[in-house]
Amino acid sequence: MVQKNKSVKKELNPEYKLESRNLNLFYGPKQALRDVSIKMSANTVTAFIGPSGCGKSTFLRCFNRMNDLIEGVRIEGDVLIDNVDIYKNEIDVYEYRKKVGMVFQKPNPFPKSIFENVAFGLRINGEKSKSYIEDTVEDALKQAALWNEVKDSLYKSAMAISGGQQQRLCIARAIAVKPSVLLMDEPASALDPLSTTKIEELIHTLKDNFTIVIVTHNMQQAARISDKTAYFYMGELIEYDLTEKIFTNPSRIETENYITGRFG
Amino acid sequence: MIHIDRELEQLKKSTTAMWVLVQSQIEKAYKALTANDRDLAREVIANEKRVNSMELKIDSDCEDLFALYSPVASDLRTVLATLKINTNLERIGDLAEGICKHILSEEKAFDKDLLKASEIQEMYDVVIEIMEDVLQAYLKEDTKLARTIFKKDEILNEINMQATKNITDYIGSDIGKIEAGLNFLSIIRKLERVGDQITNIAEEIIFSHEAKVLKHL
């Protein structure tokens, strides 16, 4: 009898937005990333999973050069956005960071009004047009699925809204400056299930306009929201494949053991 | 051992218990047929309720596993395969009951010549052998053994194909034999269906351990 392997097929954008080639990263003498090569398509959601300390957040931060701020960091290899190596000397880091928005685990709104939080990036980029700022703030809040909840209290302090709303505000703030990449480091881990669902729904809609990379410890979340999943362990990229494949029939036993909770 | 392992182990125990019951239903149906043991046939029919309740329990356990443990990868395939094996076993139970109803619908024992002409014993030998083989394949997670089922099921299909002719020959011009002949043909068709269900189970065992889909090929 003929047999076929369970096949998983999905059409992703053929253009690669983010890429790393043989990336090694050292914190002083300690190597945190080992020879990581990956290509991520435009307008997709990629989830990074792996145990604590596996290097997934470190790797995420390579895409907006946040690791540069840490003393003793040494990076070898290439990190490319739109086929341009962002670690090349001639690159203007500030210009490139505009392309890449970031959302962190804990919502971190500024102690300003809701409106000013979203307008902040535009203002520091030198935008002066009042109407442009107002339109952009409204668009960003709409994209972040927050507009209906805050439209009547835009000048209220951002510190006064709920944690779930604050996190969506941070997403609105990130997308107001029109980046093309969104990096998210456990964006829903501090939120209740309802707020988590809202963030996940938001990620689904945002991928039409952004390339999203998300670090998560929540396996079901990775399974629900991502197109592709990358499993990291001890600084190595162990497996990277379509999420459907990873969660039904991973190729590597290490991945299987991790996602089924039998790791270690 | 992590928690889901204990749940999966319990699921395997429940499935094995159902398997053993269904196996004994098939064997008892055969004894009732060859010895015209009508009490045994009634016992099989009565036991069908136990098979049904076991099916419901396993279904419910699988539902709980999905809801509470969100199984993935091999765990997910195990629960999916168990759900389908459960359905297949319940259908084998139905078929054993159906065979016994045919036995009881006859006023007297089936003619020995009919038993011989229809090759029912050969059929039953294969059914009992592959039921045991597929159970062992399930318990030992032996996909190689599971693969041997497909070839053996072909024997059942061949006997089933010949059955119409064999029984027509047996009836000949004696219209008094028509009812028994038709009843017997129904039993043969049911045994052939048992073979199909066992083949489905073998496919599920292979899917569960190798993630290979053998259906509709």
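Author: Chain A is assigned two domains: domain 1 (1-8 + 15-99 + 179-264) and domain 2 (109-173). These bounds come from an automatic or database domain assignment. The model is predicted, so local features need pLDDT of at least 70, side-chain atom pairs count only at pLDDT 80 or more, and totals for chains, interfaces and linings use all residues. Residues are numbered from 1 along each chain as its sequence is written, while chains are lettered from A and ligands numbered from 1 in the order in which they are written.

Taken over C-alpha atoms, the centres of domain 1 of chain A and domain 2 of chain A are 27 Å apart. Nine residues of domain 1 of chain A and eight residues of domain 2 of chain A make up the contact, where two residues are in contact if their C-beta atoms, placed from the backbone, lie within 7 Å. On the side of domain 1 of chain A that touches domain 2 of chain A, six residues are nonpolar, one is polar and two are charged. Here Ala, Val, Leu, Ile, Met, Phe, Trp, Tyr, Cys and Pro count as nonpolar, Asp, Glu, Lys and Arg as charged, and the others, Gly among them, as polar.

Next come the helices. Helices (H or I, at least four residues) and strands (E, at least two) are DSSP runs, numbered from the N terminus. Helix 3 of chain A covers residues 114-124, and its buried residues are A:Ile114, A:Asn117, A:Val118, A:Ala119, A:Gly121 and A:Leu122. A residue is buried if 20 or more other C-beta atoms lie within 10 Å of its own, exposed if 12 or fewer, and partly exposed in between, with C-beta atoms placed from the backbone. The cover over the buried residues of helix 3 of chain A includes helix 4 (130-143), helix 5 (147-150) and helix 6 (163-176) of chain A. Just after helix 3 of chain A, A:Gly126 has a positive phi of about 90°.

Helix 6 of chain A is itself mostly covered, with 13 of its 14 residues buried. The end C-alpha atoms of helix 6 of chain A are 20 Å apart, which agrees with the 20 Å that its 14 residues should span at 1.5 Å a residue; the expected span is 1.5 Å times one less than the number of residues. Just after helix 6 of chain A, A:Lys178 takes a positive phi of about 55°.
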